[in-house]
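Let's take a walk through this chain together, from its overall layout to a few residues that deserve a second look.

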Amino acid sequence: MNERGVTPAVAEVQLNRNNKIRLSGTALMDHKGKYVTTINTEETVLLKILQKNVKTSVSMTLPIPGESKQGPFFLNRLSFNAERLKTRIKTSYRQGKFRFDIQIGMTALLTERLFPYDVERQGKELEGLIAAEVQKRVESLLRKIQKHRIDPIGLGLYARAYEYEQYKKVEDDWGGALAKADIHASVSVSIGAMGSVR
């Protein structure tokens with residue numbers, strides 16, 4: 001609450017039908033601790049990646065564009081464990097606003113593929129499809145954060161560290177400065193394992 005370069009984020013839990021506690025997402029708050037919005041569990045995983053707060057692998061399920069949705073089993077879904085996650089954030093200040101370039105790299109260990117695909121021959125193409133889908137979801141989360149003028153990632157910490165003079169001018173309204181910032185994300189994926197089904 002006292003750190004101006006990041007806003008609080010708290011896990012949202014609820015009881016299911018069997019009265020067991022389950023994680024339902026993350027509540028995002030402003031600098032005063034007032035509730036602003038909720039992100040779902042999928043977005044929570046992406047937030048942890050952006051925060052560089054992933055200690056082990058994380059599981060993700062994504063739709064793969066262009067793949068068939070026909071039949072009971074040929075769906076367009078792909079599940080994988082993301083390992084060796086590396087997130088790099090470069091900070092600069094140009095033309096009156098902050099700029100953040102976020103690079104995410106990961107190794108995907110495929111666990112489930114519900115559509116026919118020759119991973120051995122078309123692995124590079126599949127890596128590109130996975131990377132594009134993850135990047136689309138990261139950019140959507142970043143837009144949501146900017147729209148609500150909050151910073152659960154802690155980009156303000158990077159701004160203060162690398163562009164101190166400019167940050168000091170806006171630290172009292174960091175959410176407003178972040179809403180105007182240029183934030184670009186890029187994702188690279190390499191497939192480390194194809195799973196048990198080829």
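Helices and strands here are DSSP runs, a helix having at least four residues and a strand at least two, and they are numbered from the N terminus. With that naming in place, Lys-52 falls in the loop between α1 and β4, and we will come back to it below. Please keep in mind that this is a predicted model.

**Overall layout**

The protein chain holds five helices and seven strands. Followed along the sequence, they come in the pattern β-β-β-α-β-β-β-α-α-α-α-β. Of its 198 residues, 40% count as buried. Among contacts with a separation of 6 or more, 61% link residues 24 or more positions apart.

Seven bridges hold β1 and β2 (residues 21-29) together as an antiparallel pair; Val-10, for instance, has Ala-27 of β2 as its bridge partner.

At its start, a side-chain oxygen of Asn-40 comes to within 3.1 Å of the backbone nitrogen of Glu-42. The buried residues of α1 are Glu-43, Thr-44, Leu-46, Leu-47, Ile-49 and Leu-50.

In soluble globular proteins, nonpolar side chains tend to be buried together. In this model, the largest nonpolar core has 44 residues, and those with the most contacts inside it are Phe-80, Phe-100, Ile-130, Val-134, Leu-155 and Trp-174. At least two residues each come from α1, β4 (58-63), β5 (77-94), β6 (97-113), α2 (119-147), α3 (155-162), α5 (174-180) and β7 (182-193). The largest share, eight residues, is supplied by α2.

What does Trp-174 touch, leaving aside residues up to four places away in sequence? Its contacts are Arg-4, Gly-5, His-31, Phe-98, Phe-100, Asp-151, Leu-155, Gly-156, Ala-159 and Tyr-167.

The buried residues of α3 are Leu-155, Gly-156, Tyr-158 and Ala-159. They lie on the same side of α3, because they cover an arc of only 155 degrees around the axis.

Not counting residues up to four places away in sequence, Thr-91 touches Arg-99, Phe-100, Tyr-158, Ala-159, Tyr-162 and Glu-163.

Lys-52 has a positive phi near 60 degrees, though it is not a glycine, and sits just after α1. Gln-95, also not a glycine, has a positive phi of about 50 degrees and is found in the loop between β5 and β6. The accessibilities are set out here:

| Residue | Relative accessible area | Class |
|---|---|---|
| Lys-52 | 42% | partly exposed |
| Gln-95 | 82% | exposed |

Key:
Residues numbered from 1 in each chain as written. Predicted model: local features only at pLDDT ≥ 70, side-chain atom pairs only at ≥ 80, totals over all residues. Heavy atoms only, no water. Pairing = 2+ DSSP bridges. Core = buried A, V, L, I, M, F, W, Y, C linked by side-chain atoms within 4.5 Å. Buried < 20%, exposed > 50% of the residue type's maximum accessible area, 1.4 Å probe, protein only. Contact = heavy atoms within 4.5 Å. Polar contact = N/O pair within 3.5 Å; in protein donor to acceptor, adjacent residues only side chain to side chain. Arc of directions from axis to C-beta.
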